[in-house]
Amino acid sequence: MNERARDFLKKGAAELGIELTAAQLKSLDLFAEELKKWNRKINLTAITDDEGIAVKHLVDSLSLLKVVRGPARMLDIGSGGGFPGIPVKVVQPDLAIVSVDAVVKKISFQKQAVRLLGFQSFDALHVRAETLAADYPEYFDWVVSRAFSDIPSFVAMALPVLKPEGRIVAMKGKNAAEEVSAAEEELQKLGARVESVLDFNLPCSGDARSLVIIVKK
Ligand SMILES: C[S@@+](CC[C@H](N)C(=O)[O-])C[C@H]1O[C@@H](n2cnc3c(N)ncnc32)[C@H](O)[C@@H]1O
């Protein structure tokens with residue numbers, strides 16, 4: 001990434017309360033470069049400029065750490081190019097992460113990023129999230145997603161693999177409040193409820209963001 005993008009990343013993370021170390025900055029930069037390289041051949045992201053990657057992918061992913069803490073087990077559903085799981089793992093290595101996507105090429109990219117960054121306890125799996133319950137019954141402390149699906153569909157996939165005291169976190173852009181109220185009845189039927197919604201502005205861009213936190217009833 002160019003210097004301006006690295007600066008956005010550092011300042012944006014600091015605004016989230018994360019002081020990135022030189023090693024973490026290097027890892028995130030390496031990841032961004034690999035993402036750009038693979039993106040020329042396979043479609044991982046529509047955001048291709050360095051500043052966009054720094055803010056809309058890296059800083060945005062790190063905003064999850066406003067609520068998620070390690071040590072814990074985290075599942076990232078529909079993770080695509082590794083968001084939010086890979087940036088989060090760089091900063092919070094005591095999270096054991098399982099990252100799933102239904103598209104094999106996206107998982108091949110994530111596996112390459114895992115090798116490059118030398119992660120321990122990060123499994124990138126090519127599976128549909130609906131099939132995870134058999135292998136991971138009530139296994140995760142956190143089940144998260146970004147730009148994945150409507151809230152009830154995500155929660156229906158997350159509930160069987162969530163520990164009874166675990167938390168589901170949906171990372172949302174603007175209009176989260178409407179999405180939450182539209183989802184409430186369906187969540188009730190599924191046996192879940194919205195515990196809280198954390199609204200904030202994405203550092204550097206100012207775009208509206210919300211973390212919707214959901215628990216088992
Ligand atoms: C819009 S992308 C978001 C990717 C990433 N989370 C991000 O924020 O950049 C949604 C991803 O969900 C994946 N997906 C859709 N349905 C899925 C399912 N049932 N199980 C696993 N992955 C799924 C798609 O392949 C796609 O990569």
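Strands E5 and E7 pair in the antiparallel sense over five bridges; two strands count as paired if DSSP finds at least two bridges between them. In that pair, Ile 168 has Ile 214 in E7 as its bridge partner. Strands here are DSSP runs of E with at least two residues, helices are runs of H or I with at least four, and both are numbered from the N terminus.

Before I go on, two notes on the source. What you see is a predicted model, where local features need pLDDT of at least 70, side-chain atom pairs count only at pLDDT 80 or more, and totals for chains, interfaces and linings use all residues. Residues are numbered from 1 along each chain as its sequence is written.

Now the whole chain. The protein chain has seven helices and seven strands, and from the N terminus they run α-α-α-β-α-β-α-β-β-α-β-α-β-β. The radius of gyration, taken over C-alpha atoms, is 16 Å, close to the 17 Å that the globule rule gives for 217 residues, so the chain is as compact as a globular protein of that length. That rule is 2.2 Å times the number of residues to the power 0.38. Along the principal axes, the C-alpha trace spans about 50 × 35 × 30 Å.

Back to the sheet. In what order do the strands lie? The sheet is open, with mixed pairing, and the order is E3-E2-E1-E4-E5-E7-E6. E3 (122–126) and E6 (192–201) stand at the edges with a single partner strand each, so one side of each has no neighbour in the sheet. On average, neighbouring strands are turned by 20° against each other, direction ignored.

E6 and E7 form a hairpin with six residues between them, and Cys 204 in the turn has a positive phi of about 75°.

Two helices next. Helix H6 (residues 151–158) lies across E1, E4, E5, E6 and E7, and runs at about 150° to E5. Helix H7 (residues 176–190) packs on the sheet, touching E5, E6 and E7, and makes about 165° with the direction of E6. Contact means C-beta atoms, placed from the backbone, within 7 Å. The angles run from 0 to 180 degrees between N-to-C directions, with axes fitted to C-alpha atoms, for helices over the stretch in contact.

Then the loops. Two peptide bonds are cis: Gly 70 to Pro 71, with omega about -5°, and Phe 83 to Pro 84, with omega near 5°. Pro 71 sits in the loop between helix H3 (50–62) and E1, Pro 84 in the loop between E1 and helix H4 (85–91).

Ala 147, in the loop between E4 and H6, has a positive phi near 50°. Why does Ala 147 count as partly exposed? Because Ala 147 has 13 C-beta neighbours inside 10 Å; 20 or more within 10 Å would be buried and 12 or fewer exposed, with C-beta atoms placed from the backbone.

Last, the ligand. The ligand is surrounded by 17 residues, the closest being Gly 78, Gly 80, Ala 102, Ala 129 and Arg 146; the cut-off is a C-beta atom, placed from the backbone, within 6 Å.
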